[in-house]
Amino acid sequence: MFTNNKLAKSVRLAIAFGAAATALPASQAFAQEESAEDIEKIAVTGSRIKTASLTSSSPLQILNAADIDASGIANIQDLLLDNPTFGTPAISRTNSNFSTASAGVATVDLRNLGTARTLVLVNGRRFVSGVPGSSAVDLNSIPAQFIERVEILTGGASSVYGSDAVAGVVNLILKKEFDGIEFEGQYGESAKGDDRENQYSLTGGISDDKGHMMFHLGYTKQGAVFSKDREKSAVDQFGSIYFTGELDDIFNAERPFYSSYPPQGRFDAGDTRYTYNSSNQLQAGFSTNGNGTIGPDGFNRSAYRTIAIPTERYLFASKGQYELSDDHSVFFEGTYAASQTKTQLEPFPFASDDIYAGGAVPLEFNVDGVVYANPTVPADILNSANANADGLKQLDFFAKRLLDVGNRGNIADRDTFRFTTGLEGVVLEDWYYDLYYVYGQTKEGQVSSGQVNVQNFRYALEAMPDVNDLDGDGNTTEAVCIDATARSFGCVPIDIYGFNSITEEAAAYVNAPGLLSTFVSQEIVGGNISGEIMELPAGYVGIAAGFEHRTEYARSEFDALQQAGLNAGNAIPRTEGQFDLTEFYVETNVPIIDGMYLKGAVRGSDYSTVGSTLSYNYGIDWEVTDWLKLRAIQAQSTRAPNINELFSPPSQTFPSGLNDPCEGVTASTGGTLGERCLADAGIAANVAANGSHTLSQADLQGISGFNRGNPNVEEEKGKSTTVGIVLSPELPGLDSFGFTIDYFDIEIEDAIVSTPRQFILDQCYTGDQSFCSFITRRASQVGTNSAGSIEFIDSGVSNSGGVVAEGVDLTTTFSLDVGDGSISGRFAYTYMLEGYSIPLPGSDADPFVGEIGAPEHKANFNLTYTVSDLSVTLGGTYIGESYVDDQFLAGFGFEPETASLDAITYLDTQVSYKLTDIVEVYGGVNNLLDEDAPLIPGGVTGSDTGLETDGGTYDPIGQSFYAGFRAKF
């Protein structure tokens, strides 16, 4: 067993120089040293064995409460994303405004391997998902000010923690004890006067000889940032490369590039396309972006879009422990979070083919042998219109932005509740145990706006003069709905011609607010025991063993119109599923010689879905000298498919950034590409009419498709290798520094992925032709969509060829006395050597490392100088040069890594001052130099809609300021 001297040495090594990558002021480090004698054995993330050492054989970085306070963040996601081990999040405030569900949720993604492969724990135990059907934890539900530290373990850890820990683990350790009351308040806003943020929190606790209890109450409100309030995104635009084909234009934009769905409408009648000019007068001819004679007649969608979603949160957390005896205690943890997010985007782009197959709209009706024209139709349009087979006039097509109905968007109310209780203690003198029960659930209720009931819209369009004075007002020329049943249910004729043409009554009749109800639950029963089973010459053999039974359930259900696609939007059916599993594990730590340990763990799991799985790891941890430590670990991790991957029915989506391989094909194009493209009747017709396969603006923006799960998908396996060095030099000038260098290699076999749509397109026309079955093209022109343009590309879940991530992590920490004060700092750097995915077995690798959102080089530093009651902190995040997606470039005939964004560095600073022993005030600036996010125009891979940049990687808001205070009593 460790002697007190050995224990103190171990703690000093870990705190001052270890793999934690956390720096403490010298005064704090000294205080930690003094209390080392009192520290009990603990389990560090990556192991269940309780030891006196805070070090780990796997790469482990730690962010502590001081880092949280010095950042001024409202959500722990914001701090984690600065760490170079994390990639671009799947969901955040600044990249989810267009999400039909879970907008504003805060997730994390280690190594850019996907949120599903990053396991988030709280105090070493799982936390209920915040996204239905997945394992993604919503960090909005965990109060940042209640967190003592965050331990970030990279590399496979499924043998210790179970499924999902393929890329690693993020373990949020809550504050253990707190005596007194602490109140904190903070206000901030951007330099533009938006993104207003309010934070208030109250933390309290009491303790005595038998136990302790503490609680936390928190409130945060983050305001909106709109696209129109940033010059980069204020005007609708699209990548110039689509028009010039020139590589130099990849980061240039056609601006304005308005939508061809305007609020005044456009109408195809006979050979004429009509619209209304800015004076609301009928105009023959339509030009979306203006042609020098008329227009622009299009619509600026960016004037209605959102960059940062407003988010409001109410948080409660509590935890406590009570000694039943000297060796046994009961504990509990409770968390409740109520959050509300609001999205806003442009009104719905409605078209007649949302109602009528082919898009033709009847303008005249034969009622009891008499032909009546819809009285809302202007005479010029009626006169220009063609007749159908029955000799009745019809409008060939119309498109109208439903500004009169209202903006699209949703208000989502989420409630997350989690409760943990259990027993822990010591048996047989030195065997530590814990038994626990966890129940968590997340509920979401969402109301969306701006959609319409297409059936009601059709009834409202089919109108005639009220010749029989059905409403009894004496007016026989006004419009009335033809369908008697529809009239009995309050049908109101709708006028679609011109600005402000739809009355409030008609808008109310067609309006169809969407509803979404989701429910996620997680129930866990588990236990662990650890101790020392025998003594060897080099020390005691440590062992841990345990079990866990877990049940996961999720349901997501939209209203009936949304499920059927009858609100003109995505058709999203109900998803519901459940699985359970039972797991057992054993872990051991065997001393070979003094300071050298062999470590290993194995976990067997039995799923109700995929059956039995096996995870394991083995490694070595060798403290060669007091200043040199070597570590290595090999692991196999498994991830079973989640509920969405297994049970999701076909769900509609609208992908972007796709290149049609057939664009530009001519009648003389040879080879496989020409043969397969021209075999499509729609493409052949397009080529015959235009000389080449030509696509319109609507074609580029009008691709849809369906995503679907796969009940036959199996678990994926990740093999990870990490090798590292920990240095704590004892040389003069370096004895206050600590360094770690770790190499990692993660290879995932049979990875669970949805087949990329660009891959499907490329395979269809130049590779495996069977992929063509996932593609549907328009056989003829429909409105502004060209013949042969892509209407649908479907994708499903499968076990792909694999995913690989390889790289090196470097961390440095130090703490020095300087003059009357001290300076401490840390530096963390990740160099990604390689990273790629293989969409399907046998296919070529598709690299992602080095591309936008996954740079080869990423770093973060933090420096704090403290003198007396004053502290000054400077932090920085470096995002290296990033290339455009190679598949996107290939679509234009360019080689990989021929177009890139420059590296960028963001600096943040904070100054704090203790007015008294009770009160501290502070203020800070984020994005100190007001670095502008790089322009990634619409249509280019990496561009988030409405932001014209990658809002999960770069800062789309700009410089912001905050100030606050803390008072502890």
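View 1. Helices and strands are DSSP runs numbered from the N terminus, a helix (H or I) having at least four residues and a strand (E) at least two. The structure is a predicted model, in which local features need pLDDT of at least 70 and side-chain atom pairs count only at pLDDT 80 or more, while totals for chains, interfaces and linings use all residues. Residues are numbered from 1 along each chain as its sequence is written, and side-chain values use heavy atoms, with hydrogens and water left out. T949 is buried, with a relative accessible area of 1%, where buried means under 20% relative accessible area, exposed means over 50%, and partly exposed lies in between (1.4 Å probe, protein chains only). Leaving aside residues up to four places away in sequence, T949 touches A933, P934, I936, G942, S943, D944, Y954 and P956, a contact being heavy atoms within 4.5 Å.

**View 2. The salt bridge between K228 and D229.** Side chains of opposite charge can pair when their charged atoms come close. A salt bridge is counted here when a side-chain nitrogen of Lys or Arg is within 4 Å of a carboxyl oxygen of Asp or Glu, and the structure holds 35 of them. In this pair the closest N and O atoms are 3.6 Å apart; K228 is partly exposed at 46% relative accessible area, and D229 is also partly exposed, at 34%.

**View 3. The salt bridge between R639 and E645.** The side chains of R639 and E645 meet at 3.1 Å, taken from N to O. R639 is buried, with a relative accessibility of 1%, and E645 is buried as well, with a relative accessible area of 13%.

**View 4. The salt bridge between R777 and D660.** The closest N and O atoms of this pair are 2.7 Å apart.

**View 5. A patch of negative charge on the surface, formed by E714, E747, E749, D750 and E834.** Such a patch is made of residues with over 30% relative accessible area and no salt bridge, like charges being joined within 9 Å. D750 is found in the loop between β38 (737-749) and β39 (752-754), and it counts as partly exposed at 41% relative accessibility.

Key. Patches are made of residues with over 30% relative accessible area and no salt bridge: like charges are joined within 9 Å, nonpolar side chains (Val, Leu, Ile, Met, Phe, Trp, Tyr) within 5 Å. Accessible areas come from the Shrake-Rupley method with a 1.4 Å probe; for residues, only the protein chains shown count as cover. Lys and Arg count as positive and Asp and Glu as negative; His and the chain ends are not counted. The place of a charge is taken as NZ of Lys, CZ of Arg, CG of Asp or CD of Glu.
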